[in-house]
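Hi,

Here's the structure I promised to pass on.

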There are 2 protein chains.
Amino acid sequence: MRILVTGGAGFIGSHLCERLLRRGAEVCCLDNFYLGRRRNIAQLETSAGFNFVEQDLLDRAALDALFARSGFDEVFHLAANSDIAAGIKDAELDLRLNQLTTLAVLEAMRAHRVSRLFFASTSAVFGEAEATLSEDDGPLRPISFYGASKLAAEGYISAYAHLQGMQAVILRFPNVVGEHATHGVIFDFLRKLKKNASELEVLGDGHQTKPYLYVGDLINAMLIAWEKSSESVSVFHAAGIGETSVREIAEIVVHAAGKSDTRIRYTGGDRGWPGDVPRFRYDIARLKALGWQPKRTSTEAVRYAVERMLANGF
Amino acid sequence: MRILVTGGAGFIGSHLCERLLRRGAEVCCLDNFYLGRRRNIAQLETSAGFNFVEQDLLDRAALDALFARSGFDEVFHLAANSDIAAGIKDAELDLRLNQLTTLAVLEAMRAHRVSRLFFASTSAVFGEAEATLSEDDGPLRPISFYGASKLAAEGYISAYAHLQGMQAVILRFPNVVGEHATHGVIFDFLRKLKKNASELEVLGDGHQTKPYLYVGDLINAMLIAWEKSSESVSVFHAAGIGETSVREIAEIVVHAAGKSDTRIRYTGGDRGWPGDVPRFRYDIARLKALGWQPKRTSTEAVRYAVERMLANGF
């Protein structure tokens, strides 16, 4: 099985490549190092089935050539700007890196008759929702360009699946934590403490509460959804068990990486930055029915991620 | 009140311009004549409050200049490729004409602090749905690039509304019929009969059944939704009353424009072309609650549209 993983040197992509290799797949890992890092895949580069290409998905000719020479059976499309706050500053960034990369992948798949696609989507397609969200729920009213660009990509995948006879699995990622993270709340806190261990500034009032999922549990969800789906378009939600507040995360990070007298200071307000969704809840019945269950609760995931990131030499 | 109507020389745009002028607005009608026609606005060009600009929305510099010199209060964004079948042939056509035009309008509005937007969306954002669809329903799984591009535009409008403090009214249009139509089933049948009055070829088995709405009733829906909405993003569905099959439409058109011996021939199959949604049903409770009610049923709308199109010298 020859699998293309786009964004393969990124946070989740690098964990996925490792797991696919362990299962005996031939993995072509594509990354342009926008957020991905060579060190995330350093330990994979000697594996027999691993092949890395530094390439930008928006270079359509290069992508076409890669598909022409590689004979891919399946594609996991994870390449994206996953930093929501960064995307808010430039309306075109997420359009290019999230939506247009997806269109490039879909066109290459169509041209080279590759028919199975996994797509990394996001809870942000929903915007601010009160209910416990199942996969078929609406409305979809994103409040960030990140959410809008991923919703756009979902729409195009749905249209391609119908028009070109492709089969797609869309998994809407929740907040995922773990080693190789390229941004996010734990990453930010660790970075801030590295600069100044005496004070940790927290954006918002610290009461933003979300379910966090450890990256290993997410990879399990991805592979179960991938293997057990046969519909034209299957959409899944994965989420951590329980929830963790930013206040708890700050305390866990300070405990693990701070000094005994590190002070935590809150800037106030109900969200860290415009476009941040303060709270959402996923119904994960669909993945549960396939046998998926996260091994770690949300707070255990945060604790373990901090440990692993520090052990990894953050 | 200075209003920009994009796609103002198109089918629905030209009817909207006329109505807005009658209500005393100053109307700037923008069109690039991709589907719009000069003759659709010929009778408006002498009106005092009417101003026409031939311009492409994707020319960002020209759009910026237009906004800079015009001082718009509101924007009705109708410009689009509304021909779903044409968009199927080229995945980038609807991306450019439906989504990227919307992003251009949103950016110009942001830059020039215009905060009210009406957006012409579509039932096609849903794809193939069985239920009676309310505005907040999911899933949104478009089966055409047209549906995907409009869904993408909805997502970006939602994000801009949140991030830039804009206020948007999104009305998902159903199948609309009337004079100035640029494509669609009645248009196709009339054109075919003009070429050959002895036989009318109908794509599919003729049992595709949809609710049709007369364009005048749609304009009423647009203006009621526009006036009575104050939320950040308001989404509405408008639909005709009852449904009309393609078979009925063929008979109405042949009766009005054919010869006594015109033969109707069906090609067979449950849909006319890939990407066509054979059937959908809208819940229109939200517009009804605002006092909207179509004056014509679906089949009356079809009959009246055929009459008006023929009277207009189709």
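Buried residues account for 51% of the 314 residues in chain A. Keep in mind throughout that this is a predicted model. On overall shape, a compact globule with 314 residues would have a radius of gyration near 20 Å, and chain A comes in at 19 Å, so the two agree. The C-alpha trace of chain A spans about 60 × 45 × 40 Å along its principal axes. Contacts also reach well along the chain: taking those in chain A between residues at least 6 apart in sequence, 80% link residues at least 24 apart.

Now for the fold itself. Chain A has 11 helices and 15 strands. Seven of those strands make an open sheet, in the order β3-β2-β1-β4-β5-β7-β12 (chain A), and the pairing is parallel. At the edges sit β3 (50-54) and β12 (233-237) of chain A, each of which pairs on one side only. Ignoring direction, neighbouring strands in this sheet are turned by 15° against each other on average.

For instance, A:L30 has A:V53 in β3(A) as its bridge partner.

Which helices lie across β5, β7 and β12 of chain A? One is α6 (residues 145-164) of chain A, which runs at about 155° to β5 (116-122) of chain A. Another is α8 (residues 215-228) of chain A, and its angle to β7(A) is also about 155°.

Next, the nonpolar core. The largest one holds 202 residues, and the members touching the most others are A:I157, A:I186, B:I157 and B:I186. I looked at A:I186 in more detail. Leaving out residues up to four places away in sequence, A:I186 touches A:V177, A:A181, A:I249, A:V253, A:V302, A:A305, A:V306 and A:M309.

Is B:E307 buried, exposed or partly exposed? It has 13 other C-beta atoms within 10 Å, so B:E307 counts as partly exposed. As for distances, B:E307 and B:D56 are 251 residues apart in sequence, and their C-alpha atoms are 33 Å apart in space.

Over to you!

Key
Residues are numbered from 1 along each chain as its sequence is written. Chains are lettered from A and ligands numbered from 1 in the order in which they are written. This is a predicted model: local features need pLDDT of at least 70, side-chain atom pairs count only at pLDDT 80 or more; totals for chains, interfaces and linings use all residues. Two strands pair if DSSP finds at least two bridges between them. Helices (H or I, at least four residues) and strands (E, at least two) are DSSP runs, numbered from the N terminus. Axes are lines fitted to C-alpha atoms, for helices over the stretch in contact, and angles run from 0 to 180 degrees between N-to-C directions. Two residues are in contact if their C-beta atoms, placed from the backbone, lie within 7 Å. A nonpolar core is a set of buried Ala, Val, Leu, Ile, Met, Phe, Trp, Tyr and Cys residues joined through C-beta atoms within 7 Å. A residue is buried if 20 or more other C-beta atoms lie within 10 Å of its own, exposed if 12 or fewer, and partly exposed in between; C-beta atoms are placed from the backbone. The radius of gyration is taken over C-alpha atoms; the globule rule is 2.2 Å times the number of residues to the power 0.38.
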